[in-house]
Amino acid sequence: MKAVVYTGDSKIMVEDRPKPVLLEPTDAIVKVLHTTICGTDLHILQGHVPTCTPGRVLGHEGVGVVESLGAAVTNFTVGQTVLISCITSCGTCHFCRKKMPSQCTSGGWILGNKIDGTQAEYVRIPHAPFSLHDLPRSINPKVAVTLSDTIPTAYECGILNGQIQSGSTVAIIGTGPIGLIILQMARNLFWPGMTVVVGRGQPRLERAKSMGADHTLSVVSGEESVISSALALTKNRGFDVVIEAVGTKESFQIAQGLVGAGGTIASLGVFGESCDLHLEKLWNRNICLRTRLVDAVSTPDLLQIVESGGINPDFLVSHDFPFDQIQDAYSAFELSSKHGALKVVVTMPEPYSNDVS
């Protein structure tokens, strides 16, 4: 089979690899229909994820068709179209029982990190009973790849960690796919009193405005200027919820500047370097700082929300590349401002239909 392999020098190559085989009774082999590229894949290329070593097949998101099943997998059938979770869950360890499978002792984020991932024609899914989801026929498989990681990350690490309530003032730092779907979720499902989106690219800020953001602010004007302008919108009280969805020193600094007394910072960016935490300014402000790696425990609920029309992630898929153009897909995603890219879907050759046999 063809697979995208991390070479260890900030590059990828498409290589021929053996088709994976069942190793455990709880395994499934899935023929990949569609996959995508995550910001975390770029962090791997930048050397920020030491657990991912050269030679690894990348990718932790995808939709596919079950090719074969281990003897212990009884909740799926061969030929079934499934959503692949970015988080592998054994379902029984201490952390999985606490609904925290991101820390699973034999799973967690291992696809495309510690074991070969989904940017390939076939992928082995360990702990398949808890790590795959039936994909409803009503959801477009190309759009469904956003439910592997992007949407549950936005919901769990942003919305839920931020504890958004009706009437809350909410600042979202970041206008990538996660920041924009957080905006849609917040407005559609939680009715905040005010939403402010902070970002860099003007086209994405304009998109946020068209999606209903009450105010948009450009970081290009400078960190202090953004903080001052945003605080003025709250009469200098600060925000009830600040969702930091970038993962840089600058974005974390802005988040601390925007949070109001009694407010919450939900930080979900992937940080490749240390950042200052200004407790000398925050110690007496009754704030809460939460971090989280997505657990994907909300995926069944999110599938139902998408089915019912509560949220519509169609806008997230901006580009669709065939697998033989995977290098172009990486370029488009990495240079997202230049290409106007949000999520780039990679479609495998000769895909199955979405019918369940």
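One aromatic pair is present in this predicted model, where rings of Phe, Tyr and Trp (its six-membered ring) pair if their centres lie within 6.5 Å, with planes under 30 degrees apart counted as stacked, over 60 as edge-to-face and the rest as tilted. Phenylalanine 252 and phenylalanine 271 make up the pair, which is edge-to-face at 5.9 Å centre to centre and 75 degrees between the planes. Phenylalanine 252 belongs to helix H9 (residues 249–258) and phenylalanine 271 to the loop between strand E12 (259–267) and helix H10 (279–282), so the pair ties together parts that are 19 residues apart in sequence. Helices (H or I, at least four residues) and strands (E, at least two) are DSSP runs numbered from the N terminus. Phenylalanine 252 is buried at 8% relative accessible area, whereas phenylalanine 271 is partly exposed at 30% (buried, under 20%; exposed, over 50%; partly exposed, in between; 1.4 Å probe, protein chains only).

Residues are numbered from 1 along each chain as its sequence is written. Local features need pLDDT of at least 70 and side-chain atom pairs count only at pLDDT 80 or more, while totals for chains, interfaces and linings use all residues; side-chain values use heavy atoms, with hydrogens and water left out.

The structure contains 11 salt bridges, each a side-chain nitrogen of Lys or Arg within 4 Å of a carboxyl oxygen of Asp or Glu. One of them joins the side chains of aspartate 16 and lysine 2 at 2.9 Å, N to O. This pair links distant parts of the chain, with aspartate 16 in strand E2 (residues 12–16) and lysine 2 in strand E1 (residues 2–6), 14 residues apart. Aspartate 16 is exposed at 55% relative accessible area, and lysine 2 is partly exposed at 37%. Another salt bridge is formed by aspartate 320 and lysine 142 at 2.4 Å, N to O. Here aspartate 320 is in strand E14 (residues 317–322) and lysine 142 in helix H4 (residues 141–144), 178 residues apart. Both residues are partly exposed, aspartate 320 at 39% and lysine 142 at 30%.

Glu15, Arg17, Arg56 and Asp116 are linked in a salt-bridge network. Within it, the closest N and O atoms of glutamate 15 and arginine 17 are 3.5 Å apart. Glutamate 15 is partly exposed, with a relative accessible area of 26%. Arginine 56, located in the loop between helix H1 (39–45) and strand E4 (62–69), is buried at 17% relative accessibility.
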